[in-house]
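Below is a briefing on one protein model, grouped by topic. The sequence and structure come before the notes.

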Amino acid sequence: MKMVTIQRAAQGLKPLDTASTLEQVRNLLHEQQALADETRGADPQDQNALDQLSRQQNDIHQQMGDVKSPVARVAGGEQLLEQAQAAAMQAEGKLFEGERDAALEQQQEVIGNLSQLEDLLEAAESMPAPSDPNDPLASLNELEQLGQNLDELAEQQEQVLADTATAPQ
């Protein structure tokens with residue numbers, strides 16, 4: 001946990017940035033879920049309705065670009081966002097081509113990626129505030145604490161392994 005805190009400090013990611021980005025991702029997720037519901041209820045033969053859904057999908061795809069920079073500062077976030085954007089683009093194309101069911105599959109992929117991104121941002125938001133990245137002593141103290149935590153975990157793991165080895169089977 002401390003190593004991630006140090007990484008966040010080095011990246012300059014502030015809790016407020018994470019909270020704001022998390023809110024934007026939640027809004028995108030909500031919009032995408034609503035659009036998938038609309039798509040599911042659309043008549044596959046009504047090309048005008050599918051074209052309108054395609055435009056809405058394009059809007060969501062464009063909005064994803066607004067969170068790209070802050071999401072890129074969270075490990076794994078950029079990849080999830082890129083996968084969501086690619087699936088949104090595919091869904092848009094499928095709607096435009098009149099392939100409602102194929103578009104729904106892509107929309108579910110967008111929802112899945114945005115949900116994972118939401119989880120990732122929630123985890124980043126719950127991390128303690130980083131120490132001052134310009135204070136090398138604070139970073140050194142955090143690294144020393146991390147080393148102590150790792151030592152304690154190694155001792156606990158050794159004890160569990162010893163207990164497992166002596167336990168009757």
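In this predicted model, Leu114 is in contact with Val25, Leu28, Leu29, Gln32, Met64 and Ala84, leaving aside neighbours within four places in sequence. Leu114 is also among the residues with the most contacts inside the largest nonpolar core, together with Met64, Val110 and Leu117.

**Nonpolar core**

- The largest nonpolar core has 28 residues.
- At least two residues of this core come from each of α2 (15-41), α3 (47-64), α5 (77-96) and α6 (100-125).
- Helix α6 supplies the largest share, eight residues.
- In soluble globular proteins, nonpolar side chains tend to be buried together.

**Overall make-up**

- The protein has seven helices and zero strands, and the order from the N terminus on is α-α-α-α-α-α-α.
- Of the 169 residues in the protein, 34% are buried.
- Among contacts with a separation of 6 or more, 76% are between residues 24 or more positions apart.

**Helix α3**

- Helix α3 has 18 residues and spans 26 Å from its first C-alpha to its last, close to the 26 Å expected at 1.5 Å a residue.
- The N-terminal end of α3 is capped by Asp46, with a side-chain oxygen 3.3 Å from the backbone nitrogen of Asn48.
- The buried residues of this helix are Leu50, Asp51, Leu53, Ser54, Gln57, Ile60, His61 and Met64.

**Gln57**

- Gln57 lies in helix α3 and has a relative accessible area of 0%, so Gln57 counts as buried.
- A polar contact of 3.0 Å joins the side chain of Gln57 to the side chain of Gln107.
- Not counting residues up to four places away in sequence, Gln57 touches Gln32, Leu35, Ala88, Ala91, Glu92, Leu95 and Gln107.
- Gln32 is a contact of Gln57 and also a contact of Leu114.

**Salt bridges**

- The structure holds six salt bridges.
- One of them pairs Arg26 with Glu118, the closest N and O atoms being 2.9 Å apart.
- This pair links distant parts of the chain, with Arg26 in helix α2 and Glu118 in helix α6, 92 residues apart.
- Arg26 has a relative accessible area of 36% and is therefore partly exposed, whereas Glu118, with a relative accessible area of 16%, is buried because that value is under the 20% cut-off.
- Asp37 and Arg40 form a salt bridge through their side chains, at 2.8 Å from N to O.
- Both Asp37 and Arg40 lie in helix α2, three residues apart, which is about one turn of the helix.
- Asp37 counts as partly exposed because its relative accessibility is 48%; Arg40 also counts as partly exposed, at 41% relative accessibility.
- A salt bridge also joins the side chains of Asp101 and Arg100, at 3.1 Å from N to O.
- Asp101 is partly exposed, with a relative accessible area of 47%, while Arg100 is buried, with a relative accessible area of 18%.

Methods:
Residues are numbered from 1 along each chain as its sequence is written. This is a predicted model: local features need pLDDT of at least 70, side-chain atom pairs count only at pLDDT 80 or more; totals for chains, interfaces and linings use all residues. Side-chain values use heavy atoms; hydrogens and water are left out. A nonpolar core is a set of buried Ala, Val, Leu, Ile, Met, Phe, Trp, Tyr and Cys residues joined through side-chain atoms within 4.5 Å. Buried means under 20% relative accessible area, exposed over 50%, partly exposed in between (1.4 Å probe, protein chains only). Helices (H or I, at least four residues) and strands (E, at least two) are DSSP runs, numbered from the N terminus. Contact means heavy atoms within 4.5 Å. The expected span of a helix is 1.5 Å times one less than its number of residues. A polar contact is a pair of N or O atoms within 3.5 Å; within protein, one must be able to donate a hydrogen and the other to accept it, and residues adjacent in sequence count only if both atoms are side-chain atoms. A salt bridge is a side-chain nitrogen of Lys or Arg within 4 Å of a carboxyl oxygen of Asp or Glu.
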